[in-house]
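Please look at the sequence and the model side by side before reading on.

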Amino acid sequence: MLGQAPVANSAPVIIDSELAHSDSQLDKRVSSYWMANIQRQGQVAYGSSGYTIFRNVMDFGAKGDGVTDDSAAINAAISSGGRCGQGCDSSTTTPALVYFPPGTYAVSSPITQYYYTQLVGDAVTVPTLKALSNFQGIAVIDSDPYGDGGVNWYTNQNNFFRQVRNFVIDLTGLPASTGSGIHWQVAQATSLQNIVFNMVQGASSKQQGVFMDNGSGGFMTDLVFNGGNYGAFFGNQQFTTRNLTFNNCNTAIYLNWDWVWSFKNLKINNCGVGIDISANNQGNQSVGSAIVQDSTFTNTPIGIRTIFNSNSVPVTGGSLVIDNVNFANSAKAVADANGNTILAGNTNIQSWVQGEYYVNNNGQRVQKSLTPPNKPSSLLTSSGNIFERSKPQYQSYPTSAFLSIKSCGAKGDGSTDDTAAIQACINKYQSGQILYFDHGMYVVSNTINVPKNIIITGEIWPIIMANGAAFQNQANPTPVFSVGDAGDVGAVEISDLIFSVQGPQPGAIMVQWNVQGATQGATGMWDVHFRIGGTAGSHLQSDTCTKTPNSSSVNPACLGAFLLLHVTTQATLYGENMWLWTADHELDLPDHNQINIYNGRGLLVESTKAVWLYGTSVEHNVLYNYQLANAQNVYMSAIQTETPYFQPQIQATAPFNMYPSQWSDPNFTYCKKNDPDCFMSWGLKISNSQNVLVYGAGLYTFFDDYDQTCLNTEDCQDNMVHVHSGSSKVWLYGLNTKANVNMVLVNGVPQVQAAPNMNGFTSTLALWTNVATGTQSKKRKGKMA
């Protein structure tokens, strides 16, 4: 693989960061990591002149000697420059990349992570954040502080654009009765990666590595939790977690609440309880659904604790899926709150489900083993697990390997046409280099052709802005980034970029992905986001595109793009932590108002090879958010969507022409003219596709033309998932929908209604499939098979 990233199922790449206190501060600055040494040319296109993006905490006085209190210096590095802190809802014009050289940084108060901040430790010699014995505060790192009256700095479900990676967080100097590593109350486009949490061990410990009380995320990977009462205390609408290791925790994971959560490749060792979804045995289940896949519980007496039973409420609350999980020397795979065995352990569980299980329109409440899907080999490792790969950080590459896009002549100022400069830089790229987009806003007026066998990464999400005549014709849509040519086989890695538009570009395909990986995971995108409108420089903001309730008129000045991401027939794609967002509200102008942006389509997968999508979200697109058309071998972990807020007053058929034959667009012919709630965006549309594995989905409708009265009757939208004829071997685990009459349709015919499957907030199915796996009986409320 190009970037030499950790291979599937690898452990976090943590290196001992303890340095002798006699080392000088200058010595501690020294690192071979390219991030510490690369020339800094990034600038904000819309913001204060001379604003500093990259900050080294030692330049602000941090010592990193393990003794000096570095709290003030680190927080000064983060907050410097009039950034978006308390009282600022959001801003994209004050980004900060805060770098921690090797060292041990002692702190007595929280490190407060402002909006649009990446906290990055050295990836070669990972630094330690050490809580001093007099530490006071909610956590060593706080992503959303509580102000007076318990009000958070940021609205939790809008707390976007954050990263924390490459740290050891040490709580062992604190009393066992207190201490949290990270308060992580976040939403989309956020990530934790490559972090070790060291906590006091033993029954008396009350410490926790991650404390998450709310949010709408999200993704985290490559974390190790040692000791503590809870390795992680989780609560969020939806989340994907991958490659988490827990050693000697009292409870590895306490899942306080969720709608859907996907746990992939957990390694839980010597813990009292692996995952607790029992709501402290308080009666009503607060966990909507949880999926545990390709994981190992070792020497852990109770694997998963639950209060689900034939009489538990909500009826579909506490839905649980166990898929290829080994309980080694762990006697109880699943137990009730009193410790009674529900599912015996000491074995590998291939497929076990509790919750509502449907084959087409036949459903029943189950708590039992089921026939597992026959997963295609193209998606699997040699050990039979679904393939996974962490974001490359290129720590083995010298600084000289980086080819700066600005050094090639691109301006990134939000106004200059950088098409020729970017293409020329790509054309001069050589093997062994990394094409580096310095932070900026790069306007392109025609297709950028990206060849196979290339690495591209960016400095805290530089923005590729489409703006040109080439992107105006929706009858002949044109790619902005065309990655590889049809038939190409090789490797492409892209990370930490944003694709956007500048004004209406109704003929733009933001990224067209054509290249097939020479090996699994060789073609991928990590932390790459798509953002249409709502920000400075987009020309699609609240001053032009404010919401228009009760109006069916489409403002042509507020059209977005034709399609956000297209994965073509012969391509393969590994995608991780990708947010494809058509903005529903303003991020930069002070009104932060809701806005009408009309973007045609979200994510279209036509690949017949292999696609892996971990922690992706596609929101507010007119015709559909996710579509699989003539596709095969697709794996998706915890996908999330929202229907556009202006629908159905402005129907899905209004803003864009539809091309069913060329682009497999929905035509809504099954909708009655007097039923406007039928003419709304699909959360997930599957057409003539095979071997589709969805492990977690949260597909939501929150508005009917900006009005939420429909939430009272849970009928804002008629339909959410459509599976068309020709589709086979479709498995939808942990399917959650909100305010829809029908959860699943097949060929326009309702299969599963939402009302009988109500959870605490969403409607939930543990599993829907069109694969007959055995005798099915009609659903019998209050009884289990």
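## A buried serine

In this predicted model, the side chain of Ser689 comes to 2.9 Å from the backbone oxygen of Ser687. Ser689 belongs to the loop between β46 (682-687) and β47 (690-700), and because its relative accessible area is 0%, under the 20% limit, Ser689 counts as buried. When neighbours within four places in sequence are set aside, the contacts of Ser689 are Leu628, Ala629, Asn630, Ala631, Gly726, Ser727, Ser728 and Val730.

Cys716 is found in the loop between β47 and β48 (717-723), and Cys716 is buried, with a relative accessible area of 0%. Cys716 and Phe703 are 13 residues apart in sequence, and their C-alpha atoms are 6.3 Å apart in space. Leaving aside neighbours within four places in sequence, Cys716 is in contact with several residues, including Asp677, Met680, Phe703 and Cys710.

## Strands and helices

Strand β28 (residues 441-444) has Met441 and Val443 pointing one way and Tyr442 and Val444 pointing the other way, and all of these residues are buried. Strand β26 (residues 413-417) pairs with β28 in the parallel sense over two bridges, and Asp413 stands opposite Met441. Strand β31 (residues 463-466) also pairs with β28 in the parallel sense, over four bridges, and here the bridge partner of Val444 is Ala466.

Helix α4 (residues 419-428) has Thr419, Ala421, Ile422, Gln423, Cys425 and Ile426 as its buried residues. These buried residues pack against several strands, among them β26, β28 and β30 (454-458). In helix α3 (residues 71-79), the buried residues are Ser71, Ala73, Ile74, Asn75, Ala77 and Ile78.

## Nonpolar cores

Which residues touch the most other members of the largest nonpolar core? In this core of 217 residues, they are Phe234 and Phe246. Strand β15 (residues 251-264) gives the most to this core, with eight residues. A second, separate core has 24 residues, and Phe387, Trp526, Tyr635 and Leu693 are included in it. Returning to Phe246, and not counting residues up to four places away in sequence, one finds that Phe246 touches Phe225, Ala252, Ile253 and Leu266, among others.

## Aromatic rings

The whole structure holds 57 aromatic pairs. In one of these pairs, the rings of Trp259 and Phe761 have their centres 4.5 Å apart and their planes at 5°, so the pair is stacked. This pair links distant parts of the chain, since Trp259 is in strand β15 while Phe761 is in the loop between β51 (749-753) and β52 (763-769), 502 residues apart. Are the two partners buried or exposed? Trp259 counts as buried at 10% relative accessibility, whereas Phe761, with a relative accessible area of 29%, is partly exposed.

Ring pairs also link a cluster that includes Tyr114, Tyr115, Tyr116, Trp153 and Trp461. Charged side chains lie over rings as well: the charged end of Arg40 sits over the ring of Phe54, 3.9 Å from its centre, and Arg242 lies over the face of Tyr614, at 5.9 Å from the ring centre.

## Backbone angles

| Site | Feature | Angle |
|---|---|---|
| Val313 and Pro314 | cis peptide bond | omega about -10° |
| Gln647 and Pro648 | cis peptide bond | omega about 5° |
| Tyr116 | positive phi, not a glycine | phi about 60° |
| Ile460 | positive phi, not a glycine | phi about 40° |

Pro314 is in the loop between β19 (302-305) and β20 (319-328), and Pro648 is in the loop between β45 (632-642) and α6 (660-663). Tyr116 lies in the loop between β5 and β6 and is buried, with a relative accessible area of 1%. Ile460 has its place in the loop between β30 and β31, and Ile460 is buried, with a relative accessible area of 1%.

Key. Residues are numbered from 1 along each chain as its sequence is written. This is a predicted model: local features need pLDDT of at least 70, side-chain atom pairs count only at pLDDT 80 or more; totals for chains, interfaces and linings use all residues. Side-chain values use heavy atoms; hydrogens and water are left out. Buried means under 20% relative accessible area, exposed over 50%, partly exposed in between (1.4 Å probe, protein chains only). A polar contact is a pair of N or O atoms within 3.5 Å; within protein, one must be able to donate a hydrogen and the other to accept it, and residues adjacent in sequence count only if both atoms are side-chain atoms. Contact means heavy atoms within 4.5 Å. Two strands pair if DSSP finds at least two bridges between them. A nonpolar core is a set of buried Ala, Val, Leu, Ile, Met, Phe, Trp, Tyr and Cys residues joined through side-chain atoms within 4.5 Å. Rings of Phe, Tyr and Trp (its six-membered ring) pair if their centres lie within 6.5 Å; planes under 30 degrees apart count as stacked, over 60 as edge-to-face and the rest as tilted. A charge sits over a ring if NZ of Lys or CZ of Arg is within 6 Å of the ring centre and within 35 degrees of the ring normal.
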